[in-house]
Amino acid sequence: MAAQLHPTIAMLVWILAAHLEPGSVSLYATGSPGILDVGSISADAGLVAELAELLRVAGFDSQCRVDIMSWKRAKLVSNLPGILQISSAPADAALIDALIAEGQAVFEKAELPYTDLEVFAARMRGAGHAAIDSVERPGGSLWQSKARGTTSEVEHLNGYIVQLGAQLGVPTPINSRLLAKLSNIRYPDG
């Protein structure tokens, strides 16, 4: 008898919030509190549609996506420059482009599709940035982790690209060097 898989739904989460101290979350968004797009990994399409509708009723912007993992990969690639928020490296356009290009090259070699980054960015602009008392959101989740003194997810973002790149023979020197500066984990020089 074959094992039954539990219904699994993947979600793309884009919420413009700041969590810098215990018990306090500030939402820097207009309109909906964020974007929560959903798609099936092993769930019935009706269940996914029902979840998206419940999220919309709760006030979120939510769409069903048959290619949800492609959207999640685009988010990962777009988040690779976040490492610059917590390192001493300059956040110049060339470095940002290089970080993103390495992620794209790895996904392309792995034949893992990702949504076009301009299409992704246009969708995420739908979240609507807003200031609170004329103060802009202080930084993304990586910066917030550093500000709180907690671990960040760079090993799960940039580290994933470095490790997958090493497995596939795709060089990731920029991601590798920045990771080496920030962690005790030794990554390939890629």
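Biologist: Which residues does Ser-62 touch, not counting those up to four places away in sequence?

Modeller: In this predicted model, Ser-62 touches Leu-36, Asp-37, Val-38, Ala-52, Leu-55, Arg-56 and Arg-123. Ser-62 itself lies in the loop between H1 and H2.

Biologist: Why is Ser-62 called buried?

Modeller: The relative accessible area of Ser-62 is 3%. Buried means under 20%, so Ser-62 with its 3% is classed as buried.

Biologist: Why is Asp-67 called partly exposed?

Modeller: Asp-67 is also placed in the loop between helix H1 (45-57) and H2. Its relative accessibility is 35%; partly exposed covers values between the 20% limit for buried and the 50% limit for exposed, and Asp-67 therefore counts as partly exposed. Between the C-alpha atoms of Asp-67 and Val-38 the distance is 9.3 Å, with 29 residues separating the two in sequence.

Biologist: How do you know that the length of helix H3 agrees with its number of residues?

Modeller: H3 (residues 93-109) has 17 residues, which at 1.5 Å a residue should span 24 Å. The C-alpha atoms at its ends are 24 Å apart, so the two values agree.

Biologist: Which residues of H3 are buried, and why are they said to line one face?

Modeller: The buried residues are Leu-95, Leu-99, Ile-100, Glu-102, Gly-103, Val-106 and Phe-107. Seen down the axis of H3, they fall within an arc of 150°, so they line one face of the helix. They pack against helix H2 (68-79), helix H4 (117-125), helix H6 (154-168) and helix H7 (173-182). Ala-93, Ala-94 and Asp-97, on the other side of H3, are exposed.

Biologist: What is found at the start of H3, and what follows the helix?

Modeller: At the start, a side-chain oxygen of Asp-92 comes to within 3.2 Å of the backbone nitrogen of Ala-94. After H3 comes Glu-111, with a positive phi near 55°.

Biologist: What makes strands E2 and E3 a pair?

Modeller: At least two bridges are needed, and E2 (residues 17-21) and E3 (residues 24-27) have three, in the antiparallel sense. Glu-21 stands opposite Ser-24 in E3. The strands form a hairpin with two residues between them, and Gly-23 in the turn has a positive phi of about 80°.

Definitions and conventions:
Residues numbered from 1 in each chain as written. Predicted model: local features only at pLDDT ≥ 70, side-chain atom pairs only at ≥ 80, totals over all residues. Heavy atoms only, no water. Helix = DSSP H or I, 4+ residues; strand = E, 2+ residues; numbered from the N terminus. Expected span 1.5 Å × (residues − 1). Buried < 20%, exposed > 50% of the residue type's maximum accessible area, 1.4 Å probe, protein only. Arc of directions from axis to C-beta. Contact = heavy atoms within 4.5 Å. Polar contact = N/O pair within 3.5 Å; in protein donor to acceptor, adjacent residues only side chain to side chain.
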